[in-house]
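Take a look at the structure below. We will walk through it one part at a time.

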Amino acid sequence: MTAASPVTHALYGAEQVRTLDRRIIDAGVAGFDLMQRASQAAYDVLRARWPGARRITVLCGGGNNAGDGYVIAALAVCDGLDVQLVALRDPTCLTGDAARACALARRAGVTPVAWREGMTLDGEVLIDALLGTGASGEVRDPLRSAILAINATRRPVLAVDVPSGLSAQTGGTGGVAVHATVTVTFIADKFGLHTGASADHVGELVVESLGTAPETHGDLVPLGELLAAEQLQAALPPRARGSHKGDFGHLLVVGGAVGFGGAALMACEAALRMGSGKVSLATDAAHVAASLVRSPEVMARGVQAAAEAQPLLAQADALVVGPGLGRDAWGKALWRLALDAAVPSVLDADALNLLAEEARDRDDWVLTPHPGEAARLLGTTTAEVQADRRAAVLALRERYGGSVVLKGAGTLIADADGVAVCPYGNPGMASGGMGDVLSGVIGALLGQGRTPGEAARLGVLIHALAGDAAARAGGERGLVATDLASYVRVIANPRS
């Protein structure tokens with residue numbers, strides 16, 4: 001984002017947070033005192049969120065995450081709650097602060113019972129203190145069976161620091177992960193809690209700093225930042241009263257092979273609602289009439305041979321290439337012509353698939369792949385992309401240049417400033433055409449003079465917030481891409 005747009009929320013990795021933890025202890029805070037702070041913070045959230053709960057089940061693994069669970073169990077017993085305390089690791093094998101925490105729980109009057117598959121978890125609320133931030137790789141039994149048992153209860157779950165099985169670093173899972181209702185994470189927010197599988201596992205997220213300020217440790221560079229709706233106020237000021245359409249860019253959308261005109265039309269409409277001064281469309285002649293009916297403001301041109309688009313390219317300030325383009329001779333010829341024009345561009349859909357076949361790199365474009373397209377661009381699998389989305393989006397930028405938007409839950413943007421995560425959007429947006437709308441929004445911003453990084457970050461933010469506004473108005477189920485256009489206009493005018 002520009003200097004006027006604040007960095008609102010840094011996201012760290014598991015090793016960085018462990019470093020912060022060590023530094024707090026080295027500065028004079030005893031490790032057990034820090035554990036008690038964390039446990040008290042989690043317990044306070046438990047009581048505030050479920051004040052009527054009288055019995056809880058606490059499941060503890062090994063290490064300090066288990067220690068947090070044992071302290072929570074002690075706090076709950078002292079507060080008059082009934083506690084079922086389940087140990088996945090023999091308490092006699094615990095060491096250090098975790099052993100002290102287990103002894104504290106015993107002194108409070110609660111005795112851990114060994115986990116066994118099939119046992120009844122009878123708490124009204126379950127506390128997940130199994131793995132924490134140190135988890136990596138495949139989750140194996142008995143932890144796997146315990147996680148499955150937690151999820152099978154369908155009762156509220158409070159996860160301590162990180163839902164067990166979810167990577168705090170990547171947002172991937174080790175095959176299974178706890179479905180938490182609330183996650184209380186400590187010291188600093190973690191990157192993996194905001195992308196990938198996290199959407200199905202974290203639930204409500206509470207960040208408890210425990211009195212530390214990660215941003216004061218300048219040598220620990222965050223893995224990324226979380227975008228915030230408040231950034232739009234600074235990024236989208238009111239327009240000057242003397243403005244004219246030439247001030248706001250001429251966007252050309254290239255796409256719409258026979259039978260696929262809708263994608264290009266949606267991109268055009270989104271660009272108009274994002275404030276483009278002029279929008280042109282190079283498409284198959286069969287779609288011109290539909291464009292005139294749908295959006296008469298769009299200057300639609302039927303293109304039978306790629307060379308016919310040359311005059312349109314010469315007039316454009318930015319391009320959107322790919323919606324409905326196809327990969328036959330017509331689409332490939334237009335793709336090559338558009339890329340050779342060296343105009344700032346957004347590449348989506350079939351333009352990305354063609355790029356995977358004929359790689360290029362440029363600094364002035366934005367690529368917007370979904371995980372499947374990202375896998376083709378990287379020559380890997382969708383599962384591997386989703387297992388470490390941050391690594392994938394950085395690899396895409398390294399290979400193809402420019403700025404890259406990796407779509408999906410917790411959309412990522414990689415640009416010259418690093419990696420940003422979008423925390424907005426909803427499951428209703430998992431429907432055809434949403435990516436076409438996004439490409440139109442980003443393209444409009446490129447045409448209005450934004451850098452590729454600015455256009456990508458602002459475009460993703462506006463698109464997601466528009467989707468959320470549309471879902472609030474009519475619900476997630478049945479939300480379609482064309483619903484977003486009017487909301488894009490509202491979100492793009494934050495002071496109206």
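**A helix, a loop and a sheet**

In helix H17 (residues 484-491), the buried residues are Leu484, Ala485, Val488 and Ile491. They cover an arc of only 120 degrees around the axis, so they lie on the same side of H17. Keep in mind that this is a predicted model. What do the buried residues of H17 pack against? Their partners are four elements: helix H6 (231-235), helix H7 (261-273), helix H15 (434-447) and helix H16 (452-474).

Now move to a loop. Thr212 sits between strand E8 (204-208) and strand E9 (224-226). Is Thr212 buried or exposed? Its relative accessibility is 14%. Buried means under 20%, so Thr212 counts as buried. Which residues does Thr212 touch, leaving out those up to four places away in sequence? They are Ile24 and Ile187.

Next comes the sheet. Strands of a sheet pair through backbone hydrogen bonds, and the pairing is either parallel or antiparallel. Here, 11 strands form an open sheet with mixed pairing. Follow the order across it: E1-E9-E18-E17-E16-E15-E14-E13-E10-E11-E12. Strand E1 (10-11) and strand E12 (299-302) stand at the edges. Each has a single partner strand, so one side of each is left without a neighbour in the sheet.

Look inside the sheet at one pair. Strand E15 (residues 365-367) runs parallel to strand E16 (residues 403-406), and 2 bridges join them. Which residue of E16 is the bridge partner of Leu367? It is Val404.

Conventions: Residues numbered from 1 in each chain as written. Predicted model: local features only at pLDDT ≥ 70, side-chain atom pairs only at ≥ 80, totals over all residues. Heavy atoms only, no water. Buried < 20%, exposed > 50% of the residue type's maximum accessible area, 1.4 Å probe, protein only. Arc of directions from axis to C-beta. Contact = heavy atoms within 4.5 Å. Pairing = 2+ DSSP bridges.
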